[in-house]
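Take a walk through this model with the structure open beside you.

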Amino acid sequence: MEEKKEEVELTSEEKMKKKFGKYRKIMTVIEGFLMVVPIMVIVVAIIVGFAVGMTGTDEENVVDDGIVAESTEEEEELNWKTEILDVLDMKDDLENDEDYQKAPEVLKNLMVISTIIAAIAGYILAIIMVDSLAKIFGEVETKGTPFTEKNIKLLKRVHILSIVLWILQMAGIRENSIGLIFVLVISAMRSIFEYGYKLQKEADETI
Amino acid sequence: MAIILRLDRMMADRKISLNELSEKVGVANVNLSKLKNGKVSAIRFSTLEAICKTLNCQPGDILEYKDDE
């Protein structure tokens, strides 16, 4: 009877390993996709920018008599801000944000920079998240349990990054509560994994 | 630790090797070795029962309490 039971347990463990192996592969594909997309966007932007530069002149700066008008410093400053935010799809947020309109110039710059950093950090965090998930699934695939020291370290990394992202989001233009909820979910997951690791260690030491 | 395992003594008394005991008890050789060297923090009743059954002894013959102080 005991032998049979052990056999069933073994097969279920193998099934679990197989299942998590599939999850790991899916995550690896998503990670690859996430890493390729920005490179593709940059390449396309360079090609398009190059093509536009070759064919036409900057329409905004051309005055009726054909002389290219010099843009003032303020306009230039606004240009880089709005252009970058336009790429990040946040131009409307900038125009509609009351705090931003009221804020002094130095604070405005800080807000824009922190928003840009938050957007980039968010994307990097997404890649790290998917990478960490792939590693966690890989750990289950090889060791048969998700509660390992390596996984705790991975979750710690994601937790710290999520806190940084939340702080950046709070300082930026686009304030949302998703960042805070994300931090709380990750911190809850981290404590669950730490407790799981403690129990796993106890179970492993029990013969 | 205050609890000391005397498995090696019992095994010597019964003249049984580690491999033989691990086969009869159904516990991996590595784990039994850890048990013998006292490198475990807990033991299951089922394991203790199997060892006692194989060695024909009492749990008290394997486990011993020694005051740390």
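Is A:K150 buried, partly exposed or exposed? The model is predicted, and every value here is computed from it. A:K150 has a relative accessible area of 43%, so this lysine is partly exposed. Buried would require under 20%, and exposed over 50%.

Now look at the partner of A:K150. Its side chain meets that of A:E139 in a salt bridge, at 3.7 Å from N to O. A:K150 sits in helix α6 (residues 149-171) of chain A, while A:E139 sits in helix α5 of chain A, so the bridge ties together parts that are 11 residues apart in sequence. The accessibility of A:E139 falls in another class. A:E139 has a relative accessible area of 6%, so A:E139 is buried.

Side chains of opposite charge can pair when their charged atoms come close. Over all chains, the structure holds eight salt bridges. Another one joins A:E194 and A:R190, whose closest N and O atoms are 3.5 Å apart. Both residues lie in helix α7 (residues 178-205) of chain A. They are four residues apart, about one turn of the helix. A:E194 is partly exposed, because its relative accessible area is 35%.

Turn to chain B. Here B:E20 forms a salt bridge with B:K24, and the closest N and O atoms are 3.5 Å apart. The two residues are four apart in helix α2 (residues 18-25) of chain B, so about one helical turn separates them. B:E20 is partly exposed, with a relative accessible area of 36%. B:K24 counts as exposed, because its relative accessibility is 54%. Back in chain A, salt bridges can also share partners. Such bridges join A:D131, A:K135 and A:R157 into one network.

Next come the rings. How many aromatic pairs does the rule count over all chains? The count comes to four. A pair of aromatic rings is described by the distance of the centres and the angle of the planes. For A:F20 and A:Y23, the ring centres are 5.6 Å apart and the planes stand at 85 degrees, so the pair is edge-to-face. Both residues belong to helix α1 (residues 2-55) of chain A. They are three residues apart, about one turn of the helix. A:F20 is buried, because its relative accessible area is 18%. A:Y23 is partly exposed, at 36% relative accessible area.

A:F20 has a second ring partner. The rings of A:F20 and A:F137 have their centres 5.5 Å apart and their planes at 50 degrees, so this pair is tilted. The pair links distant parts of the chain. A:F20 is in helix α1 of chain A, and A:F137 is in helix α5 (residues 105-143) of chain A, 117 residues apart. A:F137 counts as buried, because its relative accessibility is 15%. Together, A:F20, A:Y23 and A:F137 form one aromatic cluster.

A:Y100 lies in helix α4 (residues 98-102) of chain A. This tyrosine is buried, with a relative accessible area of 5%. In sequence, A:Y100 and A:M111 are 11 residues apart. In space, their C-alpha atoms are 7.7 Å apart.

Finish where the chains touch. Four residues of chain A are in contact with 10 residues of chain B.

Salt bridges across the interface number zero. On the side of chain A that touches chain B, the residues divide into two nonpolar, one polar and one charged.

Technical notes
Residues are numbered from 1 along each chain as its sequence is written. Chains are lettered from A and ligands numbered from 1 in the order in which they are written. This is a predicted model: local features need pLDDT of at least 70, side-chain atom pairs count only at pLDDT 80 or more; totals for chains, interfaces and linings use all residues. Side-chain values use heavy atoms; hydrogens and water are left out. Contact means heavy atoms within 4.5 Å. A salt bridge is a side-chain nitrogen of Lys or Arg within 4 Å of a carboxyl oxygen of Asp or Glu. Ala, Val, Leu, Ile, Met, Phe, Trp, Tyr, Cys and Pro count as nonpolar, Asp, Glu, Lys and Arg as charged, and the others, Gly among them, as polar. Rings of Phe, Tyr and Trp (its six-membered ring) pair if their centres lie within 6.5 Å; planes under 30 degrees apart count as stacked, over 60 as edge-to-face and the rest as tilted. Buried means under 20% relative accessible area, exposed over 50%, partly exposed in between (1.4 Å probe, protein chains only).
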